[in-house]
Amino acid sequence: MHVDDIFTQAHAQGEIPVSFEMFPPKGELTLDKAREAAQKLSSYRPDFMSVTCSAGGGGNYEQTAAIAAMLENELGVSSVAHLTCISLTRAGLAERIAQYKEAGVENVLALRGDRPAKDSPLYGAPSDFSYAAQIIPALIEAGFCVGGAAYPEGHIECEDLATSVSHLKLKQDAGASFLVTQLFFDNEYCYRFLDLAEKAGITVPITCGIMPFVSKQQITRMVLMCGASLPSPVIKLLAKYDNDPASLAQAGIDYACRQLVDLKEHGVDGLHVYTMNRPSVAAAAMAALGR
């Protein structure tokens, strides 16, 4: 099912769609373990699930497509396959489109992707694309329902939030029919962003992405990668449970659940949970939301 239809149907019934994100096999994660994670996550009945691909434009597209197809065909969950363009040529994009079409993918999240590191084989590779908006028309022409990424505190490479929102409008103008936000730890930043997006003429559904912090290392990495601000309550939790990893992980999940409930009460278009392939995160989120 197309994701834009999921939003339309849910909103017509006065409901807010809840979706999960998972990642496909990579590193020590085997296909069997990814399948097991997908089965457990889907058992909590999200409205759809997105499946990531490798950062920097290379790697596991076939696995992304395979997991997305499995969600649709075996588990009965609508799926969204990520597609990054930072290291793609036009021929490479055509190849990715063919892979996804062959797998039966219906929904694609168009992303620029992280720039390849200097030690990556893709560093300096030729690319015909600089921004996600540039690949959206080709994906729509291929028959996909296409979404884009949104950044409540602005993209990490964009110092001005207003400029970041204007870039987001380009994605809608290119044909994106839904948007998924980057993670954030302070809902007030999200509400400010949603107000700016509305004023900029962005009318497609924006689903708000929340990632529980489960370790000090994880939250440090995510803050450096995406530029999310750490509010005082989070810093205090990190200090309180500095030597108690299990309690910190639970505190992080509880904090994320409070974020989700507050967002729901504010009537946002949708809620997107970055599960990190952890069924416990999905279970906590759905329980907090009364799902």
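This is a predicted model: local features need pLDDT of at least 70, side-chain atom pairs count only at pLDDT 80 or more; totals for chains, interfaces and linings use all residues.
Helix H1, which covers residues 3-12, gives the most to the lining of the second largest pocket, contributing three residues. When the residues of this lining are divided by class, eleven are nonpolar, five are polar and five are charged.

## The cavity

The structure also holds one cavity of 30 Å³ or more, and the volume of the largest cavity is about 60 Å³. The residues that line the largest cavity are Tyr151, Pro152, Glu153 and Gly154, together with Gln182 and Leu183, and also Cys226, Gly227 and Ala228. By class, this lining has five nonpolar residues, three polar residues and one charged residue.

## Aromatic rings

Five aromatic pairs are found in the structure. In one of them, the rings of Phe185 and Phe213 have centres 6.2 Å apart and planes at 70 degrees, so the pair counts as edge-to-face, given that planes over 60 degrees apart are placed in that class. Phe185 lies in the loop between strand S6 (178-181) and helix H7 (187-199), while Phe213 lies in the loop between strand S7 (206-210) and helix H8 (216-226), so the pair ties together parts that are 28 residues apart in sequence. Both Phe185 and Phe213 are buried.

Elsewhere, Phe7, Phe48 and Phe178 form one aromatic cluster.

Which residues of H8 are buried? They include Gln218, Ile219, Met222 and Cys226. Seen down the axis of H8, the buried residues fall within an arc of 95 degrees, so they line one face of the helix. On the other side of H8, by contrast, Gln217 and Leu224 are exposed. Cys226, which is buried in H8, is also one of the residues that line the largest cavity.

## Buried residues in loops

Val268 lies in the loop between helix H10 (245-265) and strand S8 (270-274). Is Val268 buried or exposed? Its relative accessible area is 7%, so Val268 is buried, since the cut-off for this class is under 20%. Val268 and Asp254 are 14 residues apart in sequence, and their C-alpha atoms are 20 Å apart in space.

Met276 and Asn277 deserve a careful look at their backbone angles. Most residues other than glycine have a negative phi. The phi of Met276, however, is near 55 degrees, which is a positive value in a residue other than glycine, and the phi of Asn277 is likewise positive, near 65 degrees. Met276 is found in the loop between S8 and helix H11 (279-288), and Asn277 also has its place in the loop between S8 and H11. With a relative accessibility of 19%, Met276 counts as buried, because the class takes in values under 20%. Asn277 is buried too, with a relative accessible area of 11%.

Conventions. Residues are numbered from 1 along each chain as its sequence is written. Side-chain values use heavy atoms; hydrogens and water are left out. Helices (H or I, at least four residues) and strands (E, at least two) are DSSP runs, numbered from the N terminus. Ala, Val, Leu, Ile, Met, Phe, Trp, Tyr, Cys and Pro count as nonpolar, Asp, Glu, Lys and Arg as charged, and the others, Gly among them, as polar. Rings of Phe, Tyr and Trp (its six-membered ring) pair if their centres lie within 6.5 Å; planes under 30 degrees apart count as stacked, over 60 as edge-to-face and the rest as tilted. Buried means under 20% relative accessible area, exposed over 50%, partly exposed in between (1.4 Å probe, protein chains only). The arc is that of the directions from the helix axis to the C-beta atoms. On a 1 Å grid over the protein atoms alone, a cavity is a set of points where a 1.4 Å probe fits but cannot get out, and a pocket is an open set with protein on both sides within 12 Å along at least five of seven lines; lining residues have an atom within 4 Å of a point. Grid points are joined across faces, edges and corners, and a volume is the space filled by probe spheres set on the points.
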